[in-house]
Amino acid sequence: VHSVCIFAEDWRTQTRARMGEGAYKGVYSLLSLIGFWLIIWGFGVAREAPVLLWVLPVGMRHAASLLTLIAFVFLAAAYVPRNGIKARFHHPMVLGVKAWALAHLMSTGTLAHVVLFGGFLAWAVLDFISARKRDRAAGTTYPAGTLPATAVTVVVGAVAWAAFALWLHGLLIGIRPFG
């Protein structure tokens, strides 16, 4: 569902105009939730019989932790108004997905992880290119960032990362990144 803007922008625009913004977002959200559930279910099934492709050095997990911290800061940058990260990169959430996917590729070596996170990484690269192209075509400009908003962005991202890495990842995913 999130790839429609990459491959069928004109169709998306026409469909949104025909259905109306609210109805389009409702159907889009419902399909996104179904897709998300299917990803979770399929990944869970694939993890039942893991196929090991390679064994990574332990140090890659440390690099992955740093990359996921950066991913959470990018995620926060998508929502904190007037921060310098969004002002500079314009689509920080997609950059966060890139960093998150790369981090997981660096820290795991099973086929299921490579397919899942490799797919997310490929999608994020294409989506970022597509979003920047749309911005150029529309003449989109982003407000300049401020130092206080950027500092808030970094703090919010770091706190969210710590909560997820230390507690929620184990609770929700079943894997504790820090033991």
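Is the crossing of helix 2 and helix 3 left-handed or right-handed? It is right-handed. Keep in mind that what you have here is a predicted model.

## The overall picture

Let's start with the whole chain. The protein chain has eight helices and zero strands, so its pattern along the sequence, with helices taken as DSSP runs, reads α-α-α-α-α-α-α-α. Its C-alpha atoms fill a box of roughly 45 × 40 × 25 Å along the principal axes.

Of the 179 residues in the protein chain, 31% are buried. If you look at contacts with a separation of 6 or more, 70% of them come from residues 24 or more positions apart.

## Where helix 2 meets helix 3

Back to that opening pair. Helix 2 covers residues 9-19 and helix 3 covers residues 21-48. They pack at an angle of about 120°, and their axes sit 6 Å apart.

Who makes the contact? On the helix 2 side you'll find R12, T15, R16 and M19, and on the helix 3 side E21, A23, Y24 and V27. Sorted by class, this contact has four nonpolar residues, one polar and three charged.

## Helix 8, bend and all

Helix 8 runs over residues 147-173. It isn't straight throughout: at W167 it bends by about 50°.

Which residues of helix 8 are buried? They are A149, T150, T153, G157, W161, A165, H169 and G170. These buried residues pack against helix 4, helix 5 and helix 6. As background for reading such a list, an α-helix has 3.6 residues a turn, so residues three or four places apart point the same way.

I173 also belongs to helix 8. Is I173 buried, partly exposed or exposed? Its relative accessibility is 37%. The partly exposed class lies between the buried cut-off of under 20% and the exposed cut-off of over 50%, so I173 counts as partly exposed. Leaving out residues up to four places away in sequence, I173 touches R47 and L168. As for G44, it is 129 residues from I173 along the chain, yet their C-alpha atoms are separated by 9.4 Å.

## Two loop residues with positive phi

Here's something to check in the loops. Most residues other than glycine have a negative phi. R82 has a phi near 55°, a positive value in a residue other than glycine. You'll find R82 in the loop between helix 4 (59-77) and helix 5 (84-89). With a relative accessible area of 45%, R82 is partly exposed.

H90 is another case, with a positive phi near 70° in a residue other than glycine. H90 is in the loop between helix 5 and helix 6 (92-107).

## Out at the start of the chain

S3 is in the segment before helix 1 (4-7). Its relative accessible area is 26%, so S3 is partly exposed. How far apart are the C-alpha atoms of S3 and A151? They are separated by 32 Å, and the two residues are 148 residues apart along the chain.

Terms used
Residues are numbered from 1 along each chain as its sequence is written. This is a predicted model: local features need pLDDT of at least 70, side-chain atom pairs count only at pLDDT 80 or more; totals for chains, interfaces and linings use all residues. Side-chain values use heavy atoms; hydrogens and water are left out. Helices (H or I, at least four residues) and strands (E, at least two) are DSSP runs, numbered from the N terminus. Buried means under 20% relative accessible area, exposed over 50%, partly exposed in between (1.4 Å probe, protein chains only). Contact means heavy atoms within 4.5 Å. Axes are lines fitted to C-alpha atoms, for helices over the stretch in contact, and angles run from 0 to 180 degrees between N-to-C directions. A crossing is left-handed if the near helix is turned anticlockwise from the far one by less than a right angle, and right-handed if clockwise. Ala, Val, Leu, Ile, Met, Phe, Trp, Tyr, Cys and Pro count as nonpolar, Asp, Glu, Lys and Arg as charged, and the others, Gly among them, as polar. The bend at a residue is the angle between axes fitted to the seven residues ending there and the seven starting there.
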